[in-house]
Amino acid sequence: MSRLAEKFAELKKNGRKGLITFITAGDPGLDATSDLVVALAEAGADVVELGVPFSDPLADGPTIQQASGRALAQGVTLKKILSTVKSLRRRTEIPLVLMSYYNPIFSYGLEKFVVDAAAVGVDGVIVPDLPLEESLSLRNLSAGKLAVVPLAAPTTADARLQEIVAAGSGFLYYVTVTGITGTRRSLPPELSASLDRVKKIAGGLPLAAGFGISTPEQARLVGRHSDAIIVGSALVEIISGSGTTAAGLEKLSKFVLSLRQSLDGLSGSE
Amino acid sequence: MTKANFTVPDERGYFGDFGGRFVPETLITALEELNAAWVKYRQDADFQAELEGWLKEYCGRPTPLYRARKLEAALKIKEVYLKREDLAHTGAHKINNTIGQALLAVRMGKKRLIAETGAGQHGVATATAAALFGLSCEVYMGEKDIERQAMNVYRMELLGARVIPVSSGSRTLKDATNEAIRDWVTNVADTHYIIGSVVGPHPYPAMVRDFQRIIGVEARRQILAERKVLPDVVFACVGGGSNAIGIFHPFLEDEVKLIGVEAAGSGIASGAHSAPLSAGRPGVLHGSMSYLLQTEDGQIEEAHSISAGLDYPGVGPEHSFLKDQGRARYISVTDNEALEALRLLCRTEGIIPALESAHAVAGVMLEAAALKDKIVVINLSGRGDKDVATLANLEAGEGE
């Protein structure tokens with residue numbers, strides 16, 4: 001069983017909700033990325049998403065756009081990220097998922113990407129600009145090697161969602177808001193009902209929900225109706241504000257721990 | 001020439017290997033709805049009659065096909081005709097597309113239009129359509145373009161649109177497009193995104209082409225009426241490529257050479273250019289697979305051109321297809337060559353072309369030796385009023 005599948009099986013067995021944390025790889029630098037992943041794992045994250053920086057991140061808000069820009073200014077590339085993952089695998093077994101726009105992967109070569117990513121210990125890939133119809137090649141090449149995590153949105157109709165779920169692997173990434181990434185003061189009022197509907201269709205594919213979640217309260221709200229929550233921009237903001245000094249890492253760990261405790265407060269309550 | 005299958009795109013929006021729909025899942029439903037509306041109304045007699053009425057009475061179509069005898073003499077070419085899109089309302093071909101898409105938006109019940117703009121011509125054309133049909137309008141424009149196209153910014157505001165400055169990346173058309181897509185992802189329920197060129201996810205490249213085909217349909221009819229023969233060659237400038245596809249498409253099945261002229265900026269070898277068909281490789285930007293300026297690692301490179309409307313690292317997927325099929329040929333001219341062509345057209349014909357359109361004229365100048373006995377049509381896609389500040393700065397030695 002893959003690290004990702006094992007993790008979700010373990011969460012289910014223990015009646016716990018998953019915490020998926022996103023950081024942009026190479027922000028502020030690739031060495032820092034390794035330390036950050038280890039810190040996230042120790043603070044209670046179940047899965048880490050590593051954002052591959054892209055020049056034109058059209059599904060992202062200002063926070064992740066800027067992180068992407070900082071990483072690119074450091075000369076970060078997909079190739080360098082893969083080699084960072086390789087060395088990181090000596091330090092942690094936490095499931096790692098790459099989040100990359102399609103062009104860096106296409107440019108790297110789809111087949112080579114799948115082989116290299118699986119070899120260094122990447123567990124899955126999320127491609128925000130590769131909808132169902134365009135993802136067939138990547139899915140075929142990835143079968144048995146990498147999970148290709150599909151996305152669904154509030155605008156996705158049920159019939160289409162069924163097809164997305166059938167083609168997906170790893171988990172289903174449900175985008176909680178009609179919009180781009182970034183922290184939000186409030187989440188849509190209909191979110192709980194939407195998540196319940198999506199959860200039914202997702203069946204055995206774990207449901208993770210992200211976009212806009214930045215507080216323990218929001219984590220609890222979303223966690224109650226999903227298998228896992230995804231937090232990104234809020235972490236990226238902490239990293240860009242406090243850096244990766246001991247104090248910065250501690251601030252990050254405290255925040256992740258607060259999310260963890262918020263989710264664990266839900267255990268056994270259903 | 002090779003006879004290829006030009007009944008493209010397929011139902012997934014592919015022109016051969018190019019096109020498709022590479023967008024966040026949030027937009028798929030809206031693109032499906034748009035596609036359904038386009039498929040319905042492109043064959044709907046009432047819609048087409050209404051569109052035709054606006055194009056005729058409001059936009060001033062058909063635009064003239066003007067024989068430029070002084071330019072012929074200067075270039076030693078048998079016959080040169082200018083398709084005068086610069087005489088269309090708002091001063092460029094862009095209005096053909098925005099009127100068409102705004103009519104679609106009204107039928108789809110959308111209340112708000114958004115657009116990206118480079119030179120400002122598409123922004124002005126969108127603001128115009130919004131004013132005409134009573135829709136609200138916001139236009140994303142790079143800060144660098146706002147500086148160099150101040151007049152068009154003011155025109156958009158006069159027309160009631162809000163111009164939103166974009167400060168990310170190269171602060172030009174590419175980044176304005178990113179912001180427009182982000183807006184659409186967020187406001188997709190009540191908003192229609194009018195893409196200004198034959199780029200973006202399916203159905204945009206094919207839909208915008210259909211709205212711009214009128215240029216070639218008219219030109220073909222006009223030259224047959226005047227000369228009883230088809231032209232030997234048609235030239236058009238290519239940024240995203242909507243004016244070029246518009247004039248090329250009705251000639252695809254004819255024995256007519258089609259030449260697209262990209263912006264070589266400071267020269268292809270300098271790396272500072274906007275010529276993905278000449279010097280790029282396939283990749284995905286703004287929703288479709290096409291030739292693209294990109295680094296070895298698949299990051300999009302900044303384009304460079306004196307012409308804000310051509311300053312874009314991508315190109316419409318149908319152009320990539322026509323290039324690979326060998327049906328159209330793509331060349332490039334530098335900033336300086338375009339400026340020389342602009343001045344030539346001013347002095348010989350009394351026409352100030354847009355810097356974009358000057359690239360098409362420069363393409364003809366570059367190939368003039370091979371055109372001595374030919375009948376040439378140039379798509380003069382827009383007028384140059386918007387560029388006079390740029391030109392004046394250049395003359396004063398303050399140009400970039």
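This is a predicted model: local features need pLDDT of at least 70, side-chain atom pairs count only at pLDDT 80 or more; totals for chains, interfaces and linings use all residues.

Chain A has 270 residues and chain B has 400. The two touch each other, with 36 residues of chain B in contact with 32 residues of chain A.

**Chain A**

- The secondary structure here comes to 12 helices and 9 strands.
- Along the principal axes, the C-alpha trace of chain A spans about 45 × 45 × 35 Å.
- Buried residues make up 60% of chain A.
- If you take the contacts in chain A with a separation of 6 or more, 72% of them are between residues 24 or more positions apart.

**Chain B**

- Chain B has 16 helices and 14 strands.
- Its radius of gyration is 19 Å, and that agrees with a compact globule of 400 residues, for which the figure would be near 21 Å.
- The C-alpha atoms of chain B fill a box of roughly 55 × 50 × 45 Å along the principal axes.
- In chain B, 65% of the residues count as buried.
- Residues 24 or more positions apart account for 74% of the chain B contacts with a separation of 6 or more.

**Where the chains meet**

- Chain B and chain A bury about 2,600 Å² between them, and 51% of that is on carbon and sulfur atoms.
- On the chain B side, E25(B), R182(B) and Q299(B) lose the most area to chain A, together 26% of what that side buries.
- Between the chains there are 22 residue pairs in polar contact.
- Four elements of chain B, namely α1 (28-41), α8 (173-187), β11 (281-285) and β12 (288-292), each supply at least two residues of the side that touches chain A.
- Helix α8(B) gives the most to that side, with 8 residues.
- By type, the residues of the chain B side divide into 14 nonpolar, 12 polar and 10 charged.

**Salt bridges between the chains**

- Side chains of opposite charge can pair when their charged atoms come close.
- Across the interface there are 3 salt bridges.
- One salt bridge pairs K174(B) with D56(A), the closest N and O atoms being 2.8 Å apart.
- K174(B) lies in helix α8 of chain B, while D56(A) is in the loop between β2 (47-51) and α3 (62-73) of chain A, so this pair joins two chains.
- Both K174(B) and D56(A) are buried.
- R12(B) and E134(A) also meet through their side chains in a salt bridge, at 3.4 Å from N to O.
- R12(B) counts as partly exposed at 41% relative accessibility, whereas E134(A) is buried at 9%.

**Salt bridges within chain A**

- Over all chains, the whole structure holds 44 salt bridges.
- R160(A) and E133(A) form a salt bridge, their closest N and O atoms being 2.5 Å apart.
- That pair links distant parts of the chain, 27 residues apart: R160(A) is in helix α8 (residues 158-167) of chain A, and E133(A) is in the loop between β4 (124-126) and α7 (136-142).
- R160(A) is buried, with a relative accessible area of 13%, but E133(A) is partly exposed at 31%.
- Salt bridges that share partners join K7(A), E10(A), R16(A), D46(A), R260(A) and D264(A) into one network.

Conventions
Residues are numbered from 1 along each chain as its sequence is written. Chains are lettered from A and ligands numbered from 1 in the order in which they are written. Side-chain values use heavy atoms; hydrogens and water are left out. Contact means heavy atoms within 4.5 Å. Buried area is the accessible area (1.4 Å probe) that two parts lose on being put together, summed over both. A salt bridge is a side-chain nitrogen of Lys or Arg within 4 Å of a carboxyl oxygen of Asp or Glu. A polar contact is a pair of N or O atoms within 3.5 Å; within protein, one must be able to donate a hydrogen and the other to accept it, and residues adjacent in sequence count only if both atoms are side-chain atoms. Ala, Val, Leu, Ile, Met, Phe, Trp, Tyr, Cys and Pro count as nonpolar, Asp, Glu, Lys and Arg as charged, and the others, Gly among them, as polar. Buried means under 20% relative accessible area, exposed over 50%, partly exposed in between (1.4 Å probe, protein chains only). The radius of gyration is taken over C-alpha atoms; the globule rule is 2.2 Å times the number of residues to the power 0.38.
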